[in-house]
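Dear colleague,

I am handing over the structure below for your reference. Please look through it before reading the notes that follow.

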Amino acid sequence: MSQPPTPGPALLRGLTQRRFDRRDTLRMSGLAALGMALSACGVKGKGSPGASAPAPDAVAKFWSGKTSNGKVNFANWPLYMDPAHPELKKFTAATGVQVKYQEVILEMGPWFAKVQPQLKAGQDIGFDLMVITNGIQFKQFVDSGFLAPLDHTKLPNYAANADPAYKNEAFDRGNVYTVPWTSGITGIAYDPKKINRPVTRLADLWDPAFKGKVGMFSDTQELGNFGMMALGINPEKSTPDDWKKAAEKLKEQKSAGVIRNYYDQSYVDALGKGEVWITQAWSGDIFQKNVSDGTDFTFVIPEDGGTIWTDNFAIPVTAKNPLDAIKLIDFFYQVDIAASLAEYINYVCPVPAAREQIRKDAAAKSGDDKASLEAVAQSPLVFPAAADYAKLHYYRDFATQAEQQQYQSIFEPIVLG
Amino acid sequence: MTGRRVLYAYTWLVIAWLTLPVLVMVLFGFNDTPGRYNQTWDGFTLKWYGRVFELDELTRALVTSLAVAVVTMLAAGALGTGIGYALGRYRFRGSGTVNLVMFAAIASPELVMGASLLTLFVSLGVGPGVVTITIAHVMFCISFVAVVVRARVLTLDRSIEEAAADLGATPWTTFWRVTFPIILPAVMSGMLLAFALSIDDFVVTNFTAGTATTFPLWIWGSTRVGLPPQVNVMGTLIFLIGVLIAVITSIRSRPQRR
Amino acid sequence: MLRRRIAPYLLVLPGGLWLLLFFVVPMVTMLSLSLQEGDVVNGYVLTGHWQTYVDAIANYEPQLVRSLAYGAITTVVLIVLAFPVAYWIAFYGGRRKPTYLFLLLLPFFVSFVLRTISWRLILTDDGLLLGPLKDAGLLPAQFHILGTPVAVIGGLVYNFLPFMVLPVYVALERIDPRVVEAARDLYADPATAFRKVIFPLALPGVFAGVLMTFVPASSDYVNSAVLGSSSTTMIGQVIQAQYLTSSNYPTASALSFTLMAVLLIGVFAYARALGTEDVMKVAAR
């Protein structure tokens, strides 16, 4: 807030000194004309039609001449690693590379908007590695040419240990720019102390009994997906007409006062404070919140559908330490490291062999620790089975920016209403 | 005289209301919270004071804020004093335009200033960062410094300067030996104002920062996922330092004013 | 004499240039961007697309109106709340006047963002204030202050109070006590003396206070973001999100420009209608 702490008489005098007259108007138009002459008309973009299919030598071009600097700056989301960062410590011990880990990403839109001007100017964003979700901004990152093509010769663990399903995902076939950090499920979390009945269906988010206590995501894709699924529409195959119908459904929820607010990752905080009782939620967050704060919240995948998404490692083209970054990526595909991460964050693990490792870890423990690790190994949220996937829907892929903008223009006014 | 009593009580009530959030902030700096969410009272501890600089990013954000504020204070102080002095002392063509721009800069919503700077940087392809934050802060502080300095120059007694000139001082000597010391307090208070505006600015900074982080931006970012008690401790310490500076300056300036 | 003639220009030049480059030019850039079409990936081209304004205003008119209403309510509440405080300090503060003013400004040594967050902690649904009341069964479990217009306007009033108290105080403090005595000598009862003498003399301070609070309150987005909910969204939040979430620069620019135009036209008209030179005269005494 940039108002003076002590607006003295001098300031007041300055503020209230003059009247404005026609001369001022002339002055202003003069200034505007001058400014117009000085300011550029038109803003250049970075996009090129072939951006998503890189030139064959792009990998070699990016990686040649890069040297390891012994450090890596890692931008990630909150609730995505044990706060003691055991995996990073092991990495530093094994490679000597120091990791600066920051939980600066709370939602994709703001993250893209924040780094976009810097990347466009070809500047270092201060991060060599970031975790981005497949979706609207993922495509914007790729189409703008902001992501470094990955050199798969530097990812042996990924080749050996990653679930093959991840190697051919629609948003980045063949892992040209990204490999998964983890997948996750968007479902519903609620506080059973406040809600005395089981929550099972999407319709529960529209229940007037929870008036003013329901949270939804402010991310337009997360929000739109739930609107569509509540109407029985599969978001992955949805049409603009479906979007409009879903928007109506979501407007209903809002105008009835059922909605408290639209959240980014701060929904966890809101749930903890009792601001919301029931909310759209990401699968692993609730598990971690319960562990770290001793709360007792419940996460469910609604019977009529949840969504599954993938958060991905990506290296910005302007990264100062890409070699160290890709080394760190591959480190997370060591089975023991993948297991240790999954044990804490409880998100879908992209390394199938980690399951056996977690069972082994469980066998070495006793009591509560053992039980909880065994539960992780069995958890459908960490290792979903085919039946679980049947309930889950994928994000819609937008072919063009125009289509994406149309989508945004339908759902944005709801969030910002 | 009961009306007076009511007013007295009312004034204190308002003061209490204003102070309440500050007390809560100070209190939660002593909270022995276990998790990452410092939102319920879990007992008294002093440990966060010992660990106040434990969070590198928070410390760095604070240092960035201080550096930006100091540069802003100096730059806006110099540029604003130039404008304020010229407006107070000379009649010249174009002074109306300068006045208008300054009024507009003070009256414009911060949000719009920040947003328009972002559009400028985006259009020019300049990546935001600490430099653009500083540019923005200097921009919105210039007018405040200029207004304060102009007011002082306007009330300046010209006969003192004339006396100096009569005694054979060159205009240059007169300015530095006579005029400048008289307007110096105004320049100083303008600069302090600039420092205070800069260090607490959130809105304009948020638009011009890119991935750079200042103290208010860091707080804003981390409040959504749990604010560590160190923030409360730093807030408390900054509060105490500010109060201390204010008390010292008011005590020092008292004898001069009589 | 030449030096004397160019001196003011030399003095104004550096700061003036700074303001030109980083205040005037950006405003024009913003106007230009608001008339461009395109997207963040492929860039924007100036096409003079006025439809952006039409769509933006049609989509976000409720938020614009709401913001102006919140700003107006905040300003009125501020006048009512601040006047008695300023009045008491100016007339009965005695030697302690500076102390009282200092106490009023004390909280503002804490970062604005932190203070607002602190209110959130106090007012939160099961928090310091409401938690005990709910536990005692005095309030229903669903009762909440956060997320309501009351919380947002309360936050605005809280954050802008000094900008109303100080100007009103300055105006009141300048009133010659003998003028008030004269009114009493002429058999005006206290209420009449207040109405006919003190209040009119304090008006310039009130006007100045309105100038200093209405614009920032209407365009604020922090209070609504921290203390509000989806039903209290203000135009500032929309603009902020269009820039910093959607990267939808044309719409964001169009909305910023509209907001700025509405507010500045209001301010200029207000300054004109009131004839701020009167304010000047009082202030100059």
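Predicted model: local features only at pLDDT ≥ 70, side-chain atom pairs only at ≥ 80, totals over all residues.

Residues are numbered from 1 along each chain as its sequence is written, and chains are lettered from A and ligands numbered from 1 in the order in which they are written.

Chains B and C

In the interface, 61 residues of chain B are in contact with 63 residues of chain C (two residues are in contact if their C-beta atoms, placed from the backbone, lie within 7 Å). Helix 1 (2-28) of chain B is among the elements that give two or more residues to the side touching chain C, and helix 1 of chain B gives the most, with 14 residues. Helices here are DSSP runs of H or I with at least four residues, numbered from the N terminus. By class, that side of chain B has 45 nonpolar, 13 polar and three charged residues. Ala, Val, Leu, Ile, Met, Phe, Trp, Tyr, Cys and Pro count as nonpolar, Asp, Glu, Lys and Arg as charged, and the others, Gly among them, as polar.

The axes of helix 5 (residues 110-124) of chain B and helix 10 (residues 235-244) of chain C come within 11 Å and cross at roughly 15°. Axes are lines fitted to C-alpha atoms, for helices over the stretch in contact, and angles run from 0 to 180 degrees between N-to-C directions. This crossing angle makes helix 5 of chain B roughly parallel to helix 10 of chain C (angles under 35 degrees count as roughly parallel). Leu111(B), Ala115(B) and Leu118(B) make the contact with Gly236(C), Ile239(C), Gln240(C) and Tyr243(C); these residues divide into five nonpolar, two polar and no charged.

Domains of chain A

Domain bounds come from an automatic or database domain assignment, which gives chain A domain 1 (9-183 + 309-382) and domain 2 (186-307 + 395-409). Between them, 18 residues of domain 1 are in contact with 17 residues of domain 2. On the domain 1 side, helix 5 (108-120) and helix 6 (136-143) of chain A are the elements giving two or more residues.

The axes of helix 5 and helix 6 of chain A come within 9 Å and cross at roughly 25°, and the two helices are therefore roughly parallel to each other. Met108(A), Gly109(A) and Phe112(A) of helix 5 meet Gln137(A), Gln140(A) and Phe141(A) of helix 6.

Yours sincerely

How values were computed
Parallel < 35°, antiparallel > 145°, perpendicular 65-115°, else oblique.
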